[in-house]
Amino acid sequence: MESPPQYPIPTVGALVEKEGKVLLVRTAKWRGLWGVPGGKVAYGESLEAALRREIREEVNLELSQIRFALVQEALFSPEFHKPSHMLLLNYFARGEGEVRPNHEILEWAWVEPKAGLGYPLNTFTRRLLEAYLEGA
């Protein structure tokens, strides 16, 4: 059994917008709740490079107009599939291309931003989407 990390895990994720809609994804890691694509930052990798890589790996989109949104802390969130302390570095970005989800994505949808609030979102995605709707 691996020992838990000694420090919080930096992660990146983006609320991706295309043609007035935003991309939501459902994964097992968030116990079936909906969220945004993203993942861990590798040692020596810039935040933007990590974001571009994770979005490309998970949903096959290229990003443009990347802008920082907010930082959130997931401290042993019961919504996550295992005890974890993560720093969630959240961005807004425009997506280009067609979604081709990898094995982590159980379901995905382009939705009107306000309609996204009706999805069973994880707490952190709900806050990110609210910030987007507030014009952050």
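**Pockets and what lies around them**

Me: Which residues lie nearest the centre of the largest pocket?
Reply: They are W30, G38, G39, F80 and M86, out of 30 residues that line the largest pocket. On a 1 Å grid over the protein atoms alone, a pocket is an open set of points where a 1.4 Å probe fits, with protein on both sides within 12 Å along at least five of seven lines; a lining residue has an atom within 4 Å of a point.

Me: Before we go on, what am I looking at, and how are residues numbered?
Reply: This is a predicted model, in which local features need pLDDT of at least 70 and side-chain atom pairs count only at pLDDT 80 or more, while totals for chains, interfaces and linings use all residues. Residues are numbered from 1 along each chain as its sequence is written, and side-chain values use heavy atoms, with hydrogens and water left out.

Me: Back to the largest pocket, then. What is its volume?
Reply: Its volume is about 520 Å³, a volume being the space filled by probe spheres set on the grid points, which are joined across faces, edges and corners.

Me: Which elements give two or more residues to that lining?
Reply: They are strand 1, strand 2, strand 3, strand 4 (38–40), helix 1, strand 6 and helix 3. Strand 1 gives the most, with four residues. Helices (H or I, at least four residues) and strands (E, at least two) are DSSP runs numbered from the N terminus.

Me: How do the lining residues divide by type?
Reply: There are 13 nonpolar, 11 polar and six charged residues in the lining of the largest pocket. Here Ala, Val, Leu, Ile, Met, Phe, Trp, Tyr, Cys and Pro count as nonpolar, Asp, Glu, Lys and Arg as charged, and the others, Gly among them, as polar.

Me: You named F80. Where is it in the chain?
Reply: F80 lies in the loop between strand 5 (62–75) and strand 6. F80 is buried, with a relative accessible area of 9%; buried means under 20%, exposed over 50% and partly exposed in between (1.4 Å probe, protein chains only).

Me: What does F80 touch, leaving out residues up to four places away in sequence?
Reply: F80 touches K29, W30, R31 and M86, where contact means heavy atoms within 4.5 Å. The C-alpha atoms of F80 and G32 are separated by 9.5 Å, although these residues are 48 apart along the chain.

Me: R31 is on that list. Is R31 buried or exposed?
Reply: R31 is exposed, at 53% relative accessible area. R31 is in the loop between strand 2 and strand 3, and its phi is near 55 degrees, a positive value in a residue other than glycine. Most residues other than glycine have a negative phi.

Me: New topic: how many aromatic pairs are there?
Reply: A search of the whole structure finds five aromatic pairs. Rings of Phe, Tyr and Trp (its six-membered ring) pair if their centres lie within 6.5 Å; planes under 30 degrees apart count as stacked, over 60 as edge-to-face and the rest as tilted.

Me: What is the geometry of W34 and Y119?
Reply: W34 and Y119 are edge-to-face, at 4.9 Å centre to centre and 75 degrees between the planes. The pair links W34 in strand 3 (residues 34–35) with Y119 in the loop between helix 2 (113–116) and helix 3 (123–133), 85 residues apart. W34 is buried at 7% relative accessibility, whereas Y119 is partly exposed at 24%.

Me: And F92 with Y132?
Reply: F92 and Y132 are also edge-to-face, with 5.3 Å between centres and 65 degrees between planes. F92 lies in strand 6 and Y132 in helix 3, so the pair ties together parts 40 residues apart in sequence.

Me: Last one: which residues have the most contacts inside the largest nonpolar core?
Reply: They are V12, V16, L23, L51, I55, V59 and L61, in a core of 17 residues. A nonpolar core is a set of buried Ala, Val, Leu, Ile, Met, Phe, Trp, Tyr and Cys residues joined through side-chain atoms within 4.5 Å. Strand 1 (9–18), strand 2 (21–27), helix 1 (47–59) and strand 6 (85–96) each give two or more residues to this core, and helix 1 gives the largest share, four residues. Apart from this core lies another, of 14 residues, among them V36, L70, F92 and L121.
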